[in-house]
Amino acid sequence: MRSNLILFSGALFFWSATWSIIGLTQVNIDLDPTISVFIRFILAGLIILAYVILTNRKLIFSLKEHLYFFILGIFLYSGNYIFFYHSNVYLPSNIPATVFCLITIFNILGEKFIFKKPLTSMTLSGALLGISGIAIIFYQDFVNFDLNSGTTLGLMFALFATLSASAGNLIAIYNKRNYNIPLLQNVAFAMIYGALVALIVSFIKGAEFYIPINNFSYLLGQAYLIIFGSIVSFLCYIRFIENTSASTGGYIGVIMPILALTISMIFEDVKPDIFFLTGLPVALIGLLLILKQESVNR
């Protein structure tokens, strides 16, 4: 129980700061977000892999297991972050963090269809409240919907990112139940594959590849994202959901928007409007209903 609390807290606090840092590293820099995703996860994956080698842990896996690493990398470290990095280009960091709280709903729906986990009326009510809260936050954008609007594009990117992250969560749970691959090797290989996919996407987009070594704020931000936002937080989070469930990991999605908003108000001078301040509590109440039902089920 205590170890799970430590894992939960580590993932929550280190991740909450990443939303602002992602946005700040991409400000005033002509570097495609896919390159930043590649740099972040290739270095994080190689650092973990180096530790695996130095500690003489298992390195040889079957082709089937590498296929699993590849699929996990696509959803959890490539698609997820490519979409979120693009979302942060158009939106202040607290908004993507709030959209991310929908991962609780996506995870529970995924567990229903993949692992045949039953849904209750409380879960469905919570899901409806969660979606309603997000709809309130983006009410003005729904009313004035414009596919070419930066806010609309940012919202769509954030939704795609959350769906991708949820798929990654469910794949990680499937691994625990069917393969039981050690955590460090699991994260390392998936990060490396995800990074390579991001690099391929950057080539397809025709993005210029370079590392802004003269930009100290970018390098400092990437250092945090690699060490704390990737290595520490993902190891904590994946171990936590393996010990509990993907839906229990949704508690992070409940608390993180509040911490992310606090951080963005300090560092990005964000001033939340009435729709955000109204919609956020509605969404969080919905998620708490879902998680309360999950605790009853366990």
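Helices here are DSSP runs of H or I with at least four residues, numbered from the N terminus. With that settled, a quick word on the source: this is a predicted model.

Is Gln222 buried or exposed? Its relative accessible area is 4%, so Gln222 is buried. And what does Gln222 touch, once its neighbours within four places in sequence are set aside? The contacts are Thr25, Ser36, Ile39, Arg40 and Tyr85.

**Helix packing around H8**

Two packed helices are described by the angle between their axes and the distance between those axes. Helix H8 covers residues 150-178, and two of its partners are worth a look side by side.

| Pair | Angle between axes | Axis distance | Handedness of crossing |
|---|---|---|---|
| H5 (residues 103-115) and H8 | roughly 45° | within 9 Å | right-handed |
| H3 (residues 63-90) and H8 | about 160° | 7 Å | left-handed |

Take H5 and H8, whose axes cross at roughly 45°. That angle makes H5 oblique to H8. By class, this contact has nine nonpolar, five polar and two charged residues. If you want to find the contact in the structure, look on the H5 side for Ile103, Phe106, Asn107, Gly110, Glu111, Ile114 and Phe115. They meet a set of H8 residues that runs Thr162, Leu163, Ala165, Ser166, Asn169, Leu170, Ile173, Tyr174 and Arg177.

Now for H3 and H8, which pack at about 160°. Angles over 145 degrees count as roughly antiparallel, and H3 and H8 are therefore roughly antiparallel to each other. Sorting the residues in the contact of H3 with H8 by class gives 18 nonpolar, 11 polar and no charged ones.

**The salt bridge**

How many salt bridges does a search of the whole structure find? It turns up one. The two side chains involved are those of Lys205 and Asp32, at 2.8 Å from N to O.

Lys205 has 40% relative accessibility, so it counts as partly exposed. Asp32 comes in at 19%. Buried means under 20%, which is why Asp32 counts as buried.

Notes. Residues numbered from 1 in each chain as written. Predicted model: local features only at pLDDT ≥ 70, side-chain atom pairs only at ≥ 80, totals over all residues. Heavy atoms only, no water. Axes fitted to C-alpha atoms, helices over the stretch in contact; angles between N-to-C directions. Parallel < 35°, antiparallel > 145°, perpendicular 65-115°, else oblique. Left-handed = near helix turned anticlockwise from the far one by under 90°. Contact = heavy atoms within 4.5 Å. Nonpolar A, V, L, I, M, F, W, Y, C, P; charged D, E, K, R; others polar. Salt bridge = Lys/Arg side-chain N within 4 Å of Asp/Glu carboxyl O. Buried < 20%, exposed > 50% of the residue type's maximum accessible area, 1.4 Å probe, protein only.
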